[in-house]
Amino acid sequence: MIYRRFFGFPTVRAKNPFEELDRLRRHLDRWYDNVGTPAQRLHAGVFPLINITEDKDSYYVSAELPGVKSDDLDIQATAANLAISGERKIAAEAEGARYHRREREAGKFSRLVELPDEIDPDKVEAKLQNGILTVIVSKAEIAKPRQIAISS
Amino acid sequence: MADEQSKDIKVREKQEVTGPAEQTTPGLVFTPAVDIFETEKEITLLADMPGVKADDLNIDLRENILTLTGDVAPSEETNAEPLLVEYEYGRYYRQFTLSQVIDQDRIDAQLNEGVLRLTLPKVEKAAPRKIAVATG
(Lines give C-alpha, C1' and ligand atoms only; values in the text may rest on other atoms or scores of the structure.)
Protein backbone atom coordinates (compact mmCIF):
# COMPACT_ATOMS: atom_id res chain seq x y z
CA MET A 1 0.00 0.00 0.00
CA ILE A 2 2.58 2.43 1.12
CA TYR A 3 4.79 1.57 -1.83
CA ARG A 4 2.18 2.63 -4.24
CA ARG A 5 1.69 5.87 -2.49
CA PHE A 6 5.39 6.64 -2.49
CA PHE A 7 6.29 5.38 -5.90
CA GLY A 8 3.43 5.61 -8.29
CA PHE A 9 3.53 3.55 -11.45
CA PRO A 10 5.69 5.15 -14.09
CA THR A 11 3.90 6.98 -16.80
CA VAL A 12 6.89 7.09 -19.13
CA ARG A 13 7.97 3.73 -20.43
CA ALA A 14 11.63 3.09 -19.76
CA LYS A 15 13.82 2.05 -22.68
CA ASN A 16 15.33 -0.80 -20.81
CA PRO A 17 12.65 -2.76 -19.01
CA PHE A 18 15.08 -3.63 -16.23
CA GLU A 19 16.11 -0.07 -15.72
CA GLU A 20 12.82 0.66 -14.10
CA LEU A 21 13.09 -2.38 -11.87
CA ASP A 22 16.59 -1.40 -10.85
CA ARG A 23 15.41 2.04 -9.96
CA LEU A 24 12.57 0.60 -7.92
CA ARG A 25 14.92 -1.75 -6.11
CA ARG A 26 17.25 1.07 -5.24
CA HIS A 27 14.34 3.06 -3.91
CA LEU A 28 13.17 0.16 -1.82
CA ASP A 29 16.62 -0.50 -0.46
CA ARG A 30 16.91 3.06 0.61
CA TRP A 31 13.45 2.97 2.07
CA TYR A 32 14.28 -0.11 4.13
CA ASP A 33 17.46 1.49 5.38
CA ASN A 34 15.70 4.59 6.51
CA VAL A 35 12.48 3.28 7.91
CA GLY A 36 12.43 1.88 11.38
CA THR A 37 14.99 1.05 13.95
CA PRO A 38 17.14 -2.06 13.59
CA ALA A 39 14.80 -3.95 15.88
CA GLN A 40 11.81 -3.19 13.75
CA ARG A 41 13.52 -4.41 10.63
CA LEU A 42 14.29 -7.80 12.09
CA HIS A 43 11.51 -9.74 13.67
CA ALA A 44 9.73 -13.01 13.19
CA GLY A 45 6.41 -11.52 12.21
CA VAL A 46 4.52 -13.39 14.89
CA PHE A 47 2.58 -11.71 17.66
CA PRO A 48 3.72 -11.00 20.30
CA LEU A 49 7.06 -9.41 19.61
CA ILE A 50 9.60 -10.56 22.14
CA ASN A 51 12.92 -9.56 23.56
CA ILE A 52 15.32 -12.14 24.88
CA THR A 53 18.20 -11.40 27.17
CA GLU A 54 20.45 -13.82 28.97
CA ASP A 55 22.77 -13.92 31.90
CA LYS A 56 24.86 -16.75 33.30
CA ASP A 57 21.97 -18.76 34.69
CA SER A 58 18.86 -17.85 32.79
CA TYR A 59 17.16 -16.45 29.76
CA TYR A 60 14.68 -13.64 30.11
CA VAL A 61 11.94 -13.58 27.54
CA SER A 62 9.69 -10.55 27.61
CA ALA A 63 6.71 -9.52 25.56
CA GLU A 64 4.29 -6.64 25.62
CA LEU A 65 0.79 -7.94 26.20
CA PRO A 66 -1.33 -5.06 27.43
CA GLY A 67 -4.78 -6.05 28.55
CA VAL A 68 -4.10 -9.77 28.60
CA LYS A 69 -5.06 -11.47 31.82
CA SER A 70 -2.85 -14.18 33.26
CA ASP A 71 -5.74 -16.65 33.03
CA ASP A 72 -5.82 -16.18 29.29
CA LEU A 73 -2.14 -16.95 28.90
CA ASP A 74 -0.67 -20.36 28.35
CA ILE A 75 3.05 -20.86 28.67
CA GLN A 76 4.68 -24.18 28.06
CA ALA A 77 8.30 -25.15 28.13
CA THR A 78 10.12 -28.10 26.67
CA ALA A 79 13.81 -28.88 26.53
CA ALA A 80 14.68 -26.02 24.20
CA ASN A 81 11.41 -24.34 23.36
CA LEU A 82 9.09 -21.97 25.02
CA ALA A 83 5.54 -21.70 23.77
CA ILE A 84 3.54 -18.59 24.57
CA SER A 85 -0.05 -18.60 23.51
CA GLY A 86 -3.22 -16.97 24.63
CA GLU A 87 -5.99 -14.68 23.74
CA ARG A 88 -6.41 -11.00 24.05
CA LYS A 89 -9.98 -10.11 24.79
CA ILE A 90 -11.47 -6.70 24.46
CA ALA A 91 -14.81 -6.53 26.14
CA ALA A 92 -17.69 -5.17 24.15
CA GLU A 93 -18.64 -1.70 25.21
CA ALA A 94 -22.05 -0.33 25.96
CA GLU A 95 -24.51 -0.23 23.15
CA GLY A 96 -24.77 3.01 21.36
CA ALA A 97 -21.05 3.69 21.63
CA ARG A 98 -19.77 5.39 18.54
CA TYR A 99 -16.14 4.92 17.73
CA HIS A 100 -13.70 7.65 16.82
CA ARG A 101 -10.66 5.38 16.84
CA ARG A 102 -10.33 1.66 16.94
CA GLU A 103 -6.70 0.66 16.82
CA ARG A 104 -6.48 -1.95 19.54
CA GLU A 105 -6.81 -5.50 18.39
CA ALA A 106 -8.24 -8.55 20.02
CA GLY A 107 -7.62 -12.13 19.09
CA LYS A 108 -5.64 -15.24 19.68
CA PHE A 109 -1.93 -15.56 19.47
CA SER A 110 0.60 -18.29 19.69
CA ARG A 111 4.32 -18.15 19.46
CA LEU A 112 7.07 -20.66 19.78
CA VAL A 113 10.45 -19.41 20.88
CA GLU A 114 13.49 -21.52 20.38
CA LEU A 115 16.17 -20.80 22.90
CA PRO A 116 19.80 -21.18 21.93
CA ASP A 117 20.60 -23.73 24.60
CA GLU A 118 18.91 -26.37 26.63
CA ILE A 119 16.70 -25.14 29.40
CA ASP A 120 15.29 -26.65 32.54
CA PRO A 121 11.53 -26.83 31.94
CA ASP A 122 10.91 -27.29 35.64
CA LYS A 123 12.44 -23.96 36.48
CA VAL A 124 10.43 -21.51 34.47
CA GLU A 125 8.91 -18.48 36.11
CA ALA A 126 6.50 -16.10 34.50
CA LYS A 127 5.15 -12.80 35.67
CA LEU A 128 2.79 -10.33 34.15
CA GLN A 129 3.23 -6.78 35.29
CA ASN A 130 1.72 -3.66 33.81
CA GLY A 131 1.03 -5.52 30.61
CA ILE A 132 4.53 -6.86 30.18
CA LEU A 133 5.09 -10.57 30.37
CA THR A 134 8.48 -11.69 31.60
CA VAL A 135 9.39 -15.34 31.52
CA ILE A 136 12.53 -16.30 33.39
CA VAL A 137 13.85 -19.56 32.06
CA SER A 138 16.65 -21.30 33.87
CA LYS A 139 19.33 -22.79 31.71
CA ALA A 140 19.88 -26.50 32.05
CA GLU A 141 22.80 -27.35 34.32
CA ILE A 142 24.66 -28.74 31.36
CA ALA A 143 24.31 -25.48 29.44
CA LYS A 144 25.59 -23.22 32.18
CA PRO A 145 29.11 -21.94 31.83
CA ARG A 146 31.53 -23.42 34.27
CA GLN A 147 34.66 -21.98 35.67
CA ILE A 148 37.57 -24.23 34.85
CA ALA A 149 40.33 -24.23 37.36
CA ILE A 150 43.81 -24.46 35.93
CA SER A 151 45.98 -26.85 37.77
CA SER A 152 49.54 -25.84 38.06
CA MET B 1 -18.49 -10.35 17.30
CA ALA B 2 -17.58 -13.95 18.15
CA ASP B 3 -15.91 -14.24 14.79
CA GLU B 4 -13.92 -11.14 15.38
CA GLN B 5 -12.71 -12.31 18.76
CA SER B 6 -11.30 -15.58 17.50
CA LYS B 7 -9.09 -14.22 14.77
CA ASP B 8 -5.37 -14.18 15.21
CA ILE B 9 -3.58 -11.03 16.19
CA LYS B 10 -1.21 -9.70 13.62
CA VAL B 11 2.10 -8.21 14.51
CA ARG B 12 2.02 -4.49 14.67
CA GLU B 13 5.20 -2.62 15.32
CA LYS B 14 5.21 0.15 17.81
CA GLN B 15 4.81 3.44 16.05
CA GLU B 16 7.43 5.99 16.77
CA VAL B 17 6.26 9.51 17.26
CA THR B 18 7.08 11.83 14.42
CA GLY B 19 5.19 14.74 15.81
CA PRO B 20 6.22 18.34 16.07
CA ALA B 21 6.82 18.15 19.81
CA GLU B 22 10.50 18.21 20.44
CA GLN B 23 11.91 15.91 23.05
CA THR B 24 14.07 17.18 25.82
CA THR B 25 14.86 13.77 27.25
CA PRO B 26 16.79 11.15 25.33
CA GLY B 27 15.10 7.95 24.29
CA LEU B 28 12.46 6.72 21.93
CA VAL B 29 8.89 7.88 21.97
CA PHE B 30 6.01 5.76 20.78
CA THR B 31 2.39 6.35 19.94
CA PRO B 32 0.07 4.12 21.94
CA ALA B 33 -2.74 2.35 20.14
CA VAL B 34 -6.07 3.72 21.30
CA ASP B 35 -9.77 3.09 21.12
CA ILE B 36 -11.97 6.12 21.52
CA PHE B 37 -15.69 5.93 21.64
CA GLU B 38 -18.41 8.18 22.78
CA THR B 39 -21.84 7.74 24.18
CA GLU B 40 -24.35 10.40 24.94
CA LYS B 41 -22.91 11.00 28.37
CA GLU B 42 -19.20 10.48 28.02
CA ILE B 43 -16.16 9.92 25.91
CA THR B 44 -14.06 6.89 26.76
CA LEU B 45 -10.48 6.41 25.73
CA LEU B 46 -8.60 3.14 26.00
CA ALA B 47 -4.87 3.20 25.40
CA ASP B 48 -2.35 0.37 25.34
CA MET B 49 0.64 1.44 27.36
CA PRO B 50 2.47 -1.67 28.43
CA GLY B 51 5.15 -1.13 31.04
CA VAL B 52 3.80 2.14 32.34
CA LYS B 53 3.16 2.33 36.07
CA ALA B 54 0.37 4.47 37.43
CA ASP B 55 2.88 6.92 38.91
CA ASP B 56 4.59 7.44 35.59
CA LEU B 57 1.45 8.19 33.70
CA ASN B 58 0.55 11.77 33.05
CA ILE B 59 -2.80 12.87 31.77
CA ASP B 60 -3.26 16.49 31.03
CA LEU B 61 -6.34 18.26 29.81
CA ARG B 62 -5.86 21.88 29.03
CA GLU B 63 -8.20 23.91 26.93
CA ASN B 64 -9.33 21.26 24.49
CA ILE B 65 -6.08 19.40 24.27
CA LEU B 66 -5.75 16.06 25.97
CA THR B 67 -2.18 14.87 26.37
CA LEU B 68 -1.16 11.41 27.45
CA THR B 69 2.41 10.76 28.51
CA GLY B 70 3.71 7.55 29.97
CA ASP B 71 7.24 6.78 31.01
CA VAL B 72 8.56 3.25 30.92
CA ALA B 73 11.25 2.27 33.35
CA PRO B 74 13.99 0.18 31.79
CA SER B 75 13.91 -3.51 32.54
CA GLU B 76 15.32 -4.77 35.80
CA GLU B 77 17.86 -7.24 34.49
CA THR B 78 20.50 -4.76 33.59
CA ASN B 79 23.32 -7.29 33.68
CA ALA B 80 21.64 -9.46 31.11
CA GLU B 81 22.97 -9.46 27.57
CA PRO B 82 20.46 -8.96 24.79
CA LEU B 83 20.06 -11.91 22.44
CA LEU B 84 17.06 -10.83 20.44
CA VAL B 85 15.47 -7.42 20.30
CA GLU B 86 12.17 -7.25 18.50
CA TYR B 87 10.64 -4.30 20.25
CA GLU B 88 12.04 -1.37 22.10
CA TYR B 89 11.20 0.56 25.20
CA GLY B 90 10.36 4.18 25.27
CA ARG B 91 7.92 6.74 26.41
CA TYR B 92 4.40 6.93 25.17
CA TYR B 93 3.01 10.18 23.95
CA ARG B 94 -0.19 11.11 22.26
CA GLN B 95 -2.30 14.19 21.98
CA PHE B 96 -5.93 14.66 21.09
CA THR B 97 -8.13 17.63 20.51
CA LEU B 98 -11.53 17.24 22.05
CA SER B 99 -14.47 18.87 20.45
CA GLN B 100 -16.74 18.43 23.44
CA VAL B 101 -16.68 20.29 26.68
CA ILE B 102 -15.54 17.91 29.40
CA ASP B 103 -16.56 17.96 33.01
CA GLN B 104 -13.08 18.13 34.47
CA ASP B 105 -14.10 17.21 38.00
CA ARG B 106 -15.50 13.86 37.06
CA ILE B 107 -12.69 12.57 34.86
CA ASP B 108 -11.79 9.05 35.82
CA ALA B 109 -8.61 7.22 34.87
CA GLN B 110 -7.77 3.62 35.54
CA LEU B 111 -4.68 1.71 34.58
CA ASN B 112 -4.99 -2.05 34.50
CA GLU B 113 -2.53 -4.48 32.96
CA GLY B 114 -0.97 -1.79 30.87
CA VAL B 115 -4.25 -0.48 29.51
CA LEU B 116 -5.42 2.97 30.41
CA ARG B 117 -9.12 3.58 30.59
CA LEU B 118 -9.99 7.22 30.67
CA THR B 119 -13.55 8.34 31.10
CA LEU B 120 -14.32 11.90 30.16
CA PRO B 121 -17.87 12.88 31.08
CA LYS B 122 -19.41 15.52 28.90
CA VAL B 123 -20.77 18.61 30.50
CA GLU B 124 -24.48 18.36 30.65
CA LYS B 125 -26.02 20.91 28.44
CA ALA B 126 -28.21 23.39 30.13
CA ALA B 127 -31.70 22.09 29.79
CA PRO B 128 -33.85 24.48 27.85
CA ARG B 129 -36.03 26.29 30.25
CA LYS B 130 -39.25 27.92 29.39
CA ILE B 131 -39.66 31.30 30.84
CA ALA B 132 -43.08 32.22 31.71
CA VAL B 133 -43.97 35.78 31.16
CA ALA B 134 -46.13 37.15 33.81
CA THR B 135 -48.76 39.48 32.72
CA GLY B 136 -50.19 41.88 34.99
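Chain A and chain B of this predicted model bury about 4800 Å² between them, and carbon and sulfur atoms account for 50% of that. On the residue level, 53 residues of chain A and 48 residues of chain B take part in the contact. The side of chain A that touches chain B draws at least two residues from each of several elements, including helix 3 (38-41), strand 4 (81-88) and strand 7 (119-129). Sorted by class, that side comes out at 22 nonpolar, 14 polar and 17 charged residues.

As for chain A itself, it has three helices and eight strands, and reading from the N terminus the order is α-α-α-β-β-β-β-β-β-β-β. Of its 152 residues, 34% are buried. Chain A exposes about 10300 Å², with 51% of it supplied by carbon and sulfur atoms. Looking at contacts between residues at least 6 apart in sequence, 53% join residues at least 24 apart.

Now for the charges. Over all chains the structure holds 17 salt bridges, and eight salt bridges are found across the interface of chain A and chain B. One of these pairs is Arg88(A) with Asp48(B), whose closest N and O atoms are 2.8 Å apart. Arg88(A) sits in strand 4 of chain A and Asp48(B) in strand 4 of chain B, so this pair joins two chains. Both of these residues are buried. Arg94(B) and Glu103(A) also meet in a salt bridge, at 2.8 Å from N to O; this one runs from strand 8 (residues 91-97) of chain B to the loop between strand 5 and strand 6 of chain A. Here Arg94(B) is buried at 14% relative accessibility, while Glu103(A) is partly exposed at 21%. Glu86(B) pairs with Arg111(A) at 2.7 Å, N to O.

Within chain B, Asp71(B) and Arg91(B) form a salt bridge at 2.7 Å, N to O. Asp71(B) belongs to strand 6 (residues 65-72) and Arg91(B) to strand 8, so the pair ties together parts 20 residues apart in sequence. Both ends are partly exposed, Asp71(B) at 32% relative accessibility and Arg91(B) at 23%. Elsewhere, shared partners link Arg88(A), Arg104(A), Asp35(B) and Asp48(B) into one salt-bridge network.

Finally, there is Thr39(B), in the loop between strand 3 (34-38) and strand 4 (42-48) of chain B. Thr39(B) has a relative accessible area of 18%, so it counts as buried. Beyond its neighbours within four places in sequence, Thr39(B) contacts Gly96(A), Ala97(A) and Lys122(B).

Notes: Residues are numbered from 1 along each chain as its sequence is written. Chains are lettered from A and ligands numbered from 1 in the order in which they are written. This is a predicted model: local features need pLDDT of at least 70, side-chain atom pairs count only at pLDDT 80 or more; totals for chains, interfaces and linings use all residues. Side-chain values use heavy atoms; hydrogens and water are left out. Helices (H or I, at least four residues) and strands (E, at least two) are DSSP runs, numbered from the N terminus. Buried means under 20% relative accessible area, exposed over 50%, partly exposed in between (1.4 Å probe, protein chains only). Contact means heavy atoms within 4.5 Å. Accessible areas come from the Shrake-Rupley method with a 1.4 Å probe; for residues, only the protein chains shown count as cover. Buried area is the accessible area (1.4 Å probe) that two parts lose on being put together, summed over both. A salt bridge is a side-chain nitrogen of Lys or Arg within 4 Å of a carboxyl oxygen of Asp or Glu. Ala, Val, Leu, Ile, Met, Phe, Trp, Tyr, Cys and Pro count as nonpolar, Asp, Glu, Lys and Arg as charged, and the others, Gly among them, as polar.
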